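This report describes how the chains of one assembly are arranged and how they meet. Please view the sequence and the structure together while reading.

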4 protein chains.
Amino acid sequence: MNFTPSHPEFASVVQASFERQGLMKTLGATLDRIEPGRIDISVRYRDSLSQQHRFLHAAVTTAIADTACGYAALSLMPAGSEVLTVEFKVNLLRPAAGTCFVAEGRVVKPGKTITVSRADVLAYTDGVPVLIATLLATMITLAG
Amino acid sequence: MNFTPSHPEFASVVQASFERQGLMKTLGATLDRIEPGRIDISVRYRDSLSQQHRFLHAAVTTAIADTACGYAALSLMPAGSEVLTVEFKVNLLRPAAGTCFVAEGRVVKPGKTITVSRADVLAYTDGVPVLIATLLATMITLAG
Amino acid sequence: MNFTPSHPEFASVVQASFERQGLMKTLGATLDRIEPGRIDISVRYRDSLSQQHRFLHAAVTTAIADTACGYAALSLMPAGSEVLTVEFKVNLLRPAAGTCFVAEGRVVKPGKTITVSRADVLAYTDGVPVLIATLLATMITLAG
Amino acid sequence: MNFTPSHPEFASVVQASFERQGLMKTLGATLDRIEPGRIDISVRYRDSLSQQHRFLHAAVTTAIADTACGYAALSLMPAGSEVLTVEFKVNLLRPAAGTCFVAEGRVVKPGKTITVSRADVLAYTDGVPVLIATLLATMITLAG
């Protein structure tokens, strides 16, 4: 699906908001793609982000997926809006084994108040992607 | 509900698994309560765990809630079992404002293969708790 | 939790809306309890509501649970409001075996725009209840 | 994605199970497509399936989506297996206005024990489809 942004500065709005998130810095997450209704965020594996079996912790997978969903929604909102996650559900499909993890966030249905987004998370090992999680989220617009 | 653990060493099993999680160290999370079918995990607010408005990032709220649900399930599993999160859904009810955040994980329905758990997350400010999130999760037992 | 309704006629508003639902008639569902933030809806087993193993179909369990959640939310909304389900998640905990099924819907967090509700569904056999499902839902208020 | 069925009779297994569901008859639902990992189920609007505003009741939308997800999973399981829904989450994206509603169920990730499926529900008016709901489900295999 192709979406039309509500204002021309959507990319810098998303970028600025992302940079204010202390947690994204803590995780070493980067914002790799900013398009209307589509945001990619990635992290690289480190032991400080692991669960008990040295895979990436599901909370990190979830963090980048939820954040990608939120900014995918924000990219379509009017200038001055803020986005909040109302709720999400995530299925963890495979062990999070890999060196790099990319959450691809996409808007499913934009709306004035409620936007629904989804994200797939891909784990890369030697450049080969495997789908490890899928997340479905409800976002709300806070008017500026 | 009162649950009977499947083996007497459940508390040390949960403790040992928790300590192997690199992410829990990174978040500064602590395991505050270990009972059969009931686990509490808490974190204190720091800027390195924030979202863009200086509240606790929803991913951290989610991380402690999911982990509390998983260990609540593990506390009832036979010796040698491992627990994996199949999926969860979380509703973020209020802004995560506070100095300390406690996820109270409880088993809803134990099972041989599938265990369903839920967690409420309370934000404390000056000792007063406010419910900020509720999470409902499906866990699976991996036999030892 | 005790909730204060926003207007005195909440019970008749819920009752009238329920009676306009063709599906509730088709299922033979009844509205058994109407309190502020708490609604119970029940159905009795019939073969026309079954899944392939002659248990109550999960869609019927879900139908009464979602509807109880929605009306629990509506019971706290201002006069003239309508309620819509934004989304829900349901865990089916045990086979839906029994003669009567009661969904107990409760508001978790009321709000001006978004209300979060949950419902437990109990299956009764010879008067003994068993928890067979739990549902967590996000509702939205449509102003009158 | 293309999936290979585990046994050649998957289509008749799905068909036979569908026909045993009393509720599907009550809803007038039909099984329109049976492919490995992909099942479509549809219903036509009738007042007996309505909610209070004469749209299709969300429970009917959900019923065909969950059932399509379950049979999409069953289509890939070994001979003699049964499928049970562990849980699902559904987002209701738009009012269910239309004359015919089609749930397109697809397997996201098959597995020996757990299969994850998703379904989109399209509402047709004068042959034009609109996406009204999306559902993400966790299914479990019961060995024969």
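The model is a predicted one.

**Contact between chains C and D**

Chain C and chain D each give 27 residues to their contact. On the side of chain C that touches chain D, the elements that supply two or more residues are α2 (22-27), α3 (58-74) and β3 (82-92) of chain C. Of these, β3(C) provides the largest share, with 8 residues. Sorted by class, this side of chain C holds 10 nonpolar, 12 polar and 5 charged residues.

The strand β3(C) also pairs with strand β3 (residues 82-92) of chain D, in the antiparallel sense and over 5 bridges. Within this pairing, C:K89 faces D:K89 of β3(D).

**Relation between the copies**

In general, a rotation about an axis and a shift along it relate two copies of a chain. Two such superpositions are listed here.

| Superposition | Rotation | Shift along the axis | RMSD |
|---|---|---|---|
| Chain C on chain D | 180° | 0.0 Å | 0.0 Å |
| Chain D on chain B | 180° | 0.0 Å | 0.0 Å |

For chain D and chain B, a turn of 180° with a shift of 0.0 Å along the axis means that the two copies are thus related as by a two-fold rotation axis. In chain D, the residue that comes closest to this axis is D:K89, whose C-alpha lies at 4.1 Å. Since 100% of the interface residues of chain D are also interface residues in chain B, the copies meet through the same surface.

For chain C and chain D, the rotation of 180° has a shift of 0.0 Å along its axis. The C-alpha of chain C nearest that axis belongs to C:K89, at 2.0 Å. Here too the same surface serves both copies, as 100% of the contact residues of chain C recur in chain D.

**The sheet of chains A and B**

Strands of a sheet pair through backbone hydrogen bonds, either parallel or antiparallel. In chains A and B, 12 strands form an open sheet with antiparallel pairing, in the order β1(A)-β2(A)-β4(A)-β5(A)-β6(A)-β3(A)-β3(B)-β6(B)-β5(B)-β4(B)-β2(B)-β1(B). At the edges stand β1 (30-35) of chain A and β1 (30-35) of chain B, each with a single partner strand, so one side of each has no neighbour in the sheet. Ignoring direction, neighbouring strands of this sheet are turned by 20° against each other on average.

Helix α1 (residues 10-19) of chain B lies across β1 and β2 of chain B, at about 160° to β1(B). In chain A, helix α1 (residues 10-19) lies across β1 and β2 (38-44), running at about 160° to β1(A).

**A residue of strand β6 in chain A**

A:V128 belongs to strand β6 (residues 128-142) of chain A. A:V128 is classed as exposed because 9 other C-beta atoms lie within 10 Å, and 12 or fewer count as exposed. The C-alpha atoms of A:V128 and A:G98 are separated by 9.3 Å, while the two residues are 30 residues apart along the chain.

Terms used: Residues are numbered from 1 along each chain as its sequence is written. Chains are lettered from A and ligands numbered from 1 in the order in which they are written. This is a predicted model: local features need pLDDT of at least 70, side-chain atom pairs count only at pLDDT 80 or more; totals for chains, interfaces and linings use all residues. Two residues are in contact if their C-beta atoms, placed from the backbone, lie within 7 Å. Helices (H or I, at least four residues) and strands (E, at least two) are DSSP runs, numbered from the N terminus. Ala, Val, Leu, Ile, Met, Phe, Trp, Tyr, Cys and Pro count as nonpolar, Asp, Glu, Lys and Arg as charged, and the others, Gly among them, as polar. Two strands pair if DSSP finds at least two bridges between them. Copies are superposed by least squares on the C-alpha atoms of residues with pLDDT of at least 70 in both. Axes are lines fitted to C-alpha atoms, for helices over the stretch in contact, and angles run from 0 to 180 degrees between N-to-C directions. A residue is buried if 20 or more other C-beta atoms lie within 10 Å of its own, exposed if 12 or fewer, and partly exposed in between; C-beta atoms are placed from the backbone.
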